[in-house]
Amino acid sequence: MSVRPIKRVVQSKPTIEGAGVKLRRAFGFGNTSEFDPFLLLDDFRNESPDDYLAGFPWHPHRGIETITYVLAGTVAHGDSLGNRGSMGAGDVQWMTAGRGILHQEMPQGDAHGRMHGFQLWANLPSALKMSEPRYQDVVSTDIPDVTDDDGTRVRVICGTFWGKTGPVDGVAADPRYLDVSVPPGQRKRLAVESSRHAFAYVFGGSGTFRDASQPLGVLTEPVDGTDAVRRDETGNRSLVLFDSGDEVVVQAGDEGIRFLLVSGKPIEEPVAWYGPIVMNTEEQLRQAYAELRDGTFIKPR
């Protein structure tokens, strides 16, 4: 087995999306080739309803898949196909936008006003850019939850891991999407196929991700009001991008560590991207926005 070295560690950045939702962006827009087939990861985590209640009103998507994973609170959603629903804590929605869809997502906090979730964008290959849109709504109880002998717990949202297969299927990027919790002080090896790009996003506890030689701590979110970034053994809201190899090693700190571990097979196609629409050429992108303007963006089934 070859341990994946750490290529880069970055802090997620504050940004505002939708109608004024305050969130943190781990990566997205610009050149995302190192994350291929993934395009964007947002962490929407708030305890103040004023920071998220405006939500994400009606907006289009084409050429991608969006994956929403809710940890606290609820997200009400609707779309141009007539689908309506609500996601609660632990639920997942995997939306294949395909040739085009209009939808909205409106967050609601829990009884304490807390809202937490993630949205990941996965690219579609050119052959599927104009496929029919579809949803996969998954409730928390349908997601396999596996605990190893040392107490390491993994929720298998998509892909196969430790003999369990997640409920989301038929996804073009063939991703593996795991929610991993490693107990305090434990050192854990997690297999990742060598043909895949892989990253971890830390959102709880502390720890270090190690390569074959020396440890590399992930970045600490400042708590003293400064913009300084410090490197030590904690990783709240930090993204770890891995280089090639077939396993990831993590050493949990005194509080344990919880992170998303996401991997997928690169598509390796040109990307023409503006806002919520991702195509292969600038001409396709212009056509998509022209159809938005003239009302032909949504195609009949």
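Which residue does Arg114 meet in a salt bridge? The partner is Asp110, with N and O 3.0 Å apart. Asp110 is likewise partly exposed, since its relative accessibility of 24% falls between the limits of 20% and 50%.

Let me now turn to confidence. The average pLDDT of the protein is 89, and 92% of the residues reach at least 70. Residues 212–234 stand under 50 in pLDDT, and for this stretch the model has 54 contacts beyond four places in sequence. Where pLDDT is low, the predicted coordinates should not be read in detail.

I move on to the sheet. In what order do the seven strands of the open sheet run? The order is β2-β3-β4-β11-β6-β9-β12, with antiparallel pairing. At the edges lie β2, residues 13–17, and β12, residues 134–138, each of which pairs on one side only. From one strand to the next, the twist averages 20°. Within this sheet, I would draw your attention to β3 and β4, whose antiparallel pairing runs over four bridges. Arg24 has Asp43 of β4 as its bridge partner.

Strand β3 also brings us back to charged side chains. Side chains of opposite charge can pair when their charged atoms come close. Lys22 forms a salt bridge with Asp51, and the closest N and O atoms are 3.6 Å apart. Because Lys22 belongs to strand β3 (residues 21–28) while Asp51 sits in the loop between β4 (38–46) and β5 (56–61), the pair ties together parts that are 29 residues apart in sequence. Are these two residues buried or exposed, or in between? Lys22 counts as partly exposed at 44% relative accessibility, whereas Asp51, at 18%, counts as buried. Asp51 is placed in that class because 18% is under the limit of 20%.

A further pair lies in a helix. Arg286 and Glu283 meet through their side chains in a salt bridge of 3.1 Å, N to O. Both residues belong to helix α1 (residues 282–294), and because they are three residues apart, about one helical turn separates them. Glu283 is partly exposed, with a relative accessibility of 46%.

Finally, how many salt bridges does a search of the whole structure find? The search finds 19. There is also a network of salt bridges, which links Asp174, Glu193, Arg196 and Lys265. Thank you for your attention.

Definitions and conventions:
Residues are numbered from 1 along each chain as its sequence is written. This is a predicted model: local features need pLDDT of at least 70, side-chain atom pairs count only at pLDDT 80 or more; totals for chains, interfaces and linings use all residues. Side-chain values use heavy atoms; hydrogens and water are left out. pLDDT is the predictor's confidence in each residue, from 0 to 100. Contact means heavy atoms within 4.5 Å. A salt bridge is a side-chain nitrogen of Lys or Arg within 4 Å of a carboxyl oxygen of Asp or Glu. Helices (H or I, at least four residues) and strands (E, at least two) are DSSP runs, numbered from the N terminus. Buried means under 20% relative accessible area, exposed over 50%, partly exposed in between (1.4 Å probe, protein chains only). Two strands pair if DSSP finds at least two bridges between them. Axes are lines fitted to C-alpha atoms, for helices over the stretch in contact, and angles run from 0 to 180 degrees between N-to-C directions.
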